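Reader: I have a structure to go through and a few questions about it. Could you walk me through them?

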Amino acid sequence: MNPTLLDLKDIHEPEAIGWWPPAVGWWILAVTIPLLIIFLVWLYKRLTRKTALKTANKILARIKQDATRDSLQKLSDLSILIRRVAISVSPRTRSAGLTGRQWLEFLDTSVKGLPFSEGIGQLLADGPYRKTPPTELEISQLIGLCEDWLKSQTKQKS
């Protein structure tokens with residue numbers, strides 16, 4: 001046979017592979033990476049919240065047991081502790097700027113009744129400005145209220 005007479009076609013290269021649709025691995029990555037980021041943010045918030053509450057409970061126990069502090073110093077320490085915990089476990093914009101009555105009402109949202117705005121919790125707002133310092137009984141009641149508030153923060157979902 002004559003090679004020039006054969007009806008052969010030249011070799012054709014395949015078309016270039018397009019970028020769409022992506023392979024299955026890219027779809028898996030597109031779903032997995034956002035889920036992983038969401039999970040890590042959730043885990044970070046949860047661990048931060050647990051650490052803040054655990055540390056706050058230890059500090060509260062120290063305040064409760066320290067006999068060298070007077071009632072005004074204990075009141076100041078309790079106020080600082082509750083403020084720090086509130087800022088740590090709730091959005092900063094919701095709790096950091098609150099003072100006076102608004103601060104006490106914010107604290108009341110976590111416990112039953114109105115123990116902060118109408119009960120012994122008022123010491124947090126007006127205790128340092130009273131003519132007479134709070135009594136040891138008032139401080140022990142306030143410590144109990146702060147313990148209840150911390151327990152309610154532990155029970156809330158993170």
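**Patches, helices and salt bridges**

Author: Gladly! In this predicted model, Trp26, Leu29, Ile33, Ile37 and Val41 make a nonpolar surface patch of about 500 Å².

Reader: Which helix holds Val41, and what is the relative accessible area of Val41?

Author: Val41 is found in helix H1, residues 24–65. Buried residues fall under 20% and exposed ones over 50%. Val41 is in between, so it counts as partly exposed, with a relative accessible area of 43%.

Reader: Are H1 and H6 roughly parallel or roughly antiparallel?

Author: The axes of H1 and helix H6 (residues 136–155) come within 10 Å and cross at roughly 165°. Angles over 145 degrees count as roughly antiparallel. H1 passes H6 in a left-handed crossing, and the two helices are therefore roughly antiparallel.

Reader: How many residues apart in sequence are the parts that Glu136 and Lys74 tie together?

Author: The side chains of Glu136 and Lys74 meet in a salt bridge, 3.9 Å from N to O. Glu136 lies in helix H6 and Lys74 in helix H2 (residues 71–89), so this pair ties together parts that are 62 residues apart in sequence.

Reader: Of that pair, is Lys74 buried or exposed?

Author: Glu136 is partly exposed, with a relative accessible area of 47%. The relative accessible area of Lys74 is 7%. The cut-off for buried is under 20%, so Lys74 is buried.

Reader: And which residues do salt bridges that share partners join into one network?

Author: A search of the whole structure finds six salt bridges. One of them links Arg130 and Glu138 at 3.8 Å, N to O. The network formed through shared partners joins Asp66, Arg69 and Asp77.

Notes: Residues are numbered from 1 along each chain as its sequence is written. This is a predicted model: local features need pLDDT of at least 70, side-chain atom pairs count only at pLDDT 80 or more; totals for chains, interfaces and linings use all residues. Side-chain values use heavy atoms; hydrogens and water are left out. Patches are made of residues with over 30% relative accessible area and no salt bridge: like charges are joined within 9 Å, nonpolar side chains (Val, Leu, Ile, Met, Phe, Trp, Tyr) within 5 Å. Accessible areas come from the Shrake-Rupley method with a 1.4 Å probe; for residues, only the protein chains shown count as cover. A salt bridge is a side-chain nitrogen of Lys or Arg within 4 Å of a carboxyl oxygen of Asp or Glu. Helices (H or I, at least four residues) and strands (E, at least two) are DSSP runs, numbered from the N terminus. Buried means under 20% relative accessible area, exposed over 50%, partly exposed in between (1.4 Å probe, protein chains only). Axes are lines fitted to C-alpha atoms, for helices over the stretch in contact, and angles run from 0 to 180 degrees between N-to-C directions. Angles under 35 degrees count as roughly parallel, over 145 as roughly antiparallel, 65 to 115 as roughly perpendicular and the rest as oblique. A crossing is left-handed if the near helix is turned anticlockwise from the far one by less than a right angle, and right-handed if clockwise.
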